[in-house]
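Please have the sequence and the model side by side before reading on. The paragraphs below go from single side chains to the chain as a whole.

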Amino acid sequence: MLRTLWTFGCSHTYGHGLEDCITDGNGASPNPSQLGYASILAEKLNVPLKNMSRPGIGNKHIFFRLQQEISKNRIRSNDIVLIQWSYVERNCIIRSIDTPPQHHFFSSDKEDDVLMLGPWINHKTSKVHYKFLYNEADAVWHTVNYINLAHAILKSNGINDTLHIAPPYGNVDRTLFDLLGKQYLIDGIPMCKQGITDMVVDKALDNNHPGPKTQQIFADHLFDNHYPNKIYN
């Protein structure tokens, strides 16, 4: 049976800012880049790619999208799943399930009606969240347990060819994630501890996201260190 590489993540996996994924205002194009590390890795593995990443997405939203795909039996037991966990300070509110979204431009399957929350987002709900509710330790704890839940759900559905990429840290204390991860992460989770932001050698056209050389370096790193001698199909 033909395998598929499923990738989940934020703009780093989406390829925001690359030549084929940028708008006149430096926003992301409606479809993921074909020049990012996800596409490069899929080509190296000789498998088709289903890129479910979204710009600006947080880890609750990433887990929600993964859960949707599994619950609808779209990911098969022989598929390959790679989850690039996002910045832990990001959050969202799941407003309804399986209904057309009112705002989520990047939802290709029209399933998730999700209000994204982020420190850079100016709408009232987001501002209130970060003023009164956000706490760094709480955010890190949630990310650790989204990783645990994702691992458990994938395993319980017989999906074993998986890899988790540790979140980029932004303004969050990296030692806090390492400490909570050591305490609470399930043993045996396949984890790439270095993300693409740890390997940046150039910038994309928006002068913010990782550029094409970095995308190639990261794809090579994943292939060489986590998929050695694996060429599928």
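A residue counts as buried when its relative accessible area is under 20%, as exposed when it is over 50%, and as partly exposed in between. The model is predicted, and the values that follow are computed from it. With these cut-offs, Lys44 at 26% relative accessibility counts as partly exposed. Lys44 forms a salt bridge with Asp220, and the closest N and O atoms are 3.0 Å apart. This pair ties distant parts of the chain together: Lys44 belongs to helix α2 and Asp220 to helix α7, 176 residues apart. Asp220, at 23% relative accessibility, is likewise partly exposed.

Helix α2 covers residues 37-45, and seven of its nine residues are buried, so the helix is largely enclosed by the rest of the structure. The buried ones are Tyr37, Ala38, Ser39, Ile40, Leu41, Ala42 and Leu45. What lies over them? The cover includes the strands β1 (5-8), β2 (49-51), β3 and β6 (161-165), together with the helices α1 (11-14) and α7 (212-226). After α2 comes Asn46, which has a positive phi near 65 degrees.

How many salt bridges does a search of the whole structure find? The search finds five, among them the pair of Lys44 and Asp220. Another joins the side chains of Asp161 and Arg3, at 3.4 Å from N to O. This pair also links distant parts of the chain, with Asp161 in strand β6 and Arg3 in the segment before β1, 158 residues apart. Asp161 has 14% relative accessibility and counts as buried, whereas Arg3 is partly exposed at 24%. A further salt bridge is formed by Glu69 and Arg74, with 3.2 Å between the closest N and O atoms. Here Glu69 is buried, at 1% relative accessibility, while Arg74 is partly exposed, with a relative accessible area of 33%.

Glu89 is another case. It is found in the loop between β3 (80-84) and β4 (91-97). Glu89 is buried yet has no salt bridge. Which side chain of opposite charge is nearest to Glu89, and how far away is it? That side chain is Arg90, at 6.2 Å; a salt bridge needs the nitrogen to be within 4 Å of a carboxyl oxygen. Leaving aside residues up to four places away in sequence, Glu89 touches Pro119, Tyr130, Tyr134, Tyr169, Gly170, Asn171 and Val172.

Now the chain as a whole. It has seven helices and seven strands, which follow one another along the sequence as β-α-α-β-α-β-β-β-α-α-β-α-β-α. The radius of gyration is 17 Å, close to the 17 Å that the globule rule gives for 233 residues, so the chain is as compact as a globular protein of that length. Its C-alpha atoms fill a box of roughly 50 × 45 × 40 Å along the principal axes. Of the 233 residues, 54% count as buried. Among contacts with a separation of 6 or more, 73% are between residues 24 or more positions apart. The chain exposes about 11,100 Å², of which carbon and sulfur atoms supply 51%. It carries 22 positive and 23 negative side chains, and the centres of the two sets lie 4 Å apart.

Note on methods. Residues are numbered from 1 along each chain as its sequence is written. This is a predicted model: local features need pLDDT of at least 70, side-chain atom pairs count only at pLDDT 80 or more; totals for chains, interfaces and linings use all residues. Side-chain values use heavy atoms; hydrogens and water are left out. Helices (H or I, at least four residues) and strands (E, at least two) are DSSP runs, numbered from the N terminus. The radius of gyration is taken over C-alpha atoms; the globule rule is 2.2 Å times the number of residues to the power 0.38. Buried means under 20% relative accessible area, exposed over 50%, partly exposed in between (1.4 Å probe, protein chains only). Contact means heavy atoms within 4.5 Å. Accessible areas come from the Shrake-Rupley method with a 1.4 Å probe; for residues, only the protein chains shown count as cover. Lys and Arg count as positive and Asp and Glu as negative; His and the chain ends are not counted. The place of a charge is taken as NZ of Lys, CZ of Arg, CG of Asp or CD of Glu.
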